[in-house]
Amino acid sequence: MADRHHRRRAPRKNWGFSWGRVTSARGGLPPTSVEWRLFRRDHTGRLHFAYRRFAVDTPREHIARVLLVARRQLREAVDEIDLAALMREAA
């Protein structure tokens, strides 16, 4: 299963962080790129997302590094939204 990181994966339905993967396969052709979609919900349940697209021949280590940074950025953005709402409620 060396190509499992190129296959489609639907995001799981949970409250916090989730991710999905979509390939750009057209018809019976092999995929040319893979899009990773990262999701996170804020305190109201609204969904925020980030996505990154990679060529199929991109090394997995590079994908992992980029996705880790993207996940942190998404977490920080949603945490800022939650903190701002908390500060409004406290005032």
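R41 stands opposite L47 in β3. I start with that pair because strands of a sheet pair through backbone hydrogen bonds, either parallel or antiparallel. For the strands holding this pair, β2 and β3, the sense is antiparallel, and nine bridges join them. Another of the pairings between them is E35 with R53, its bridge partner in β3.

Before going on: what you see is a predicted model. The mean pLDDT of the protein chain is 84, and 81% of the residues score at least 70. By element, the lowest mean belongs to β1, at 86, and the highest to α1, at 93.

Now the overall layout. The protein chain has three strands and one helix, and along the sequence they come in the pattern β-β-β-α. The strands make an open sheet, ordered β1-β2-β3, with antiparallel pairing. At its edges are β1, residues 18-23, and β3, residues 47-55, each of which pairs on one side only. From one strand to the next, the twist averages 20°.

Strand β2 covers residues 33-41, and six bridges join it to β1, with the two running antiparallel. Two of the pairings can be named. S18 has F39 as its bridge partner in β2, and G20 stands opposite R37, also in β2.

Next, the aromatic residues. The structure holds two aromatic pairs. One is W19 with W36, which is stacked, at 5.4 Å centre to centre and 25° between the planes. This pair links distant parts of the chain, since W19 is in strand β1 and W36 in strand β2, 17 residues apart. Is each of these two tryptophans buried, exposed or partly exposed? W19 has 26% relative accessibility, so it counts as partly exposed. W36, with a relative accessible area of 9%, is buried.

The second pair is F49 with Y51. Their ring centres are 6.4 Å apart and their planes are at 20°; with the cut-off for stacking at under 30 degrees, the pair is therefore stacked. F49 has a relative accessible area of 53%, so it is exposed. Y51 has 47%, so it is partly exposed. The limit here is 50%, with exposed meaning over that value.

There is also a charge over a ring. R71 lies over the face of F17, 3.9 Å from the ring centre.

Helix α1 takes in residues 60-90 and lies across β2 and β3, running at about 165° to β3. L74 is buried because its relative accessible area is 7%, and buried means under 20%. For the protein chain as a whole, 27% of the 91 residues count as buried.

What does L74 touch, leaving aside its neighbours within four places in sequence? Its contacts are F17, L38, F39, R40, H48, F49 and A50. As for H48, it is 26 residues from L74 in sequence, and the C-alpha to C-alpha separation is 7.7 Å.

One figure for the protein chain goes with that. Among contacts between residues at least 6 apart in sequence, 33% join residues at least 24 apart.

To recap: an open antiparallel sheet in the order β1-β2-β3, a helix α1 lying across β2 and β3, and two aromatic pairs. That is what I have on this model.

Conventions: Residues numbered from 1 in each chain as written. Predicted model: local features only at pLDDT ≥ 70, side-chain atom pairs only at ≥ 80, totals over all residues. Heavy atoms only, no water. Pairing = 2+ DSSP bridges. Helix = DSSP H or I, 4+ residues; strand = E, 2+ residues; numbered from the N terminus. Axes fitted to C-alpha atoms, helices over the stretch in contact; angles between N-to-C directions. Contact = heavy atoms within 4.5 Å. Phe/Tyr/Trp six-rings, centres within 6.5 Å; stacked < 30°, edge-to-face > 60°. Buried < 20%, exposed > 50% of the residue type's maximum accessible area, 1.4 Å probe, protein only. Lys NZ or Arg CZ within 6 Å of the ring centre and 35° of its normal. pLDDT = per-residue confidence, 0-100.
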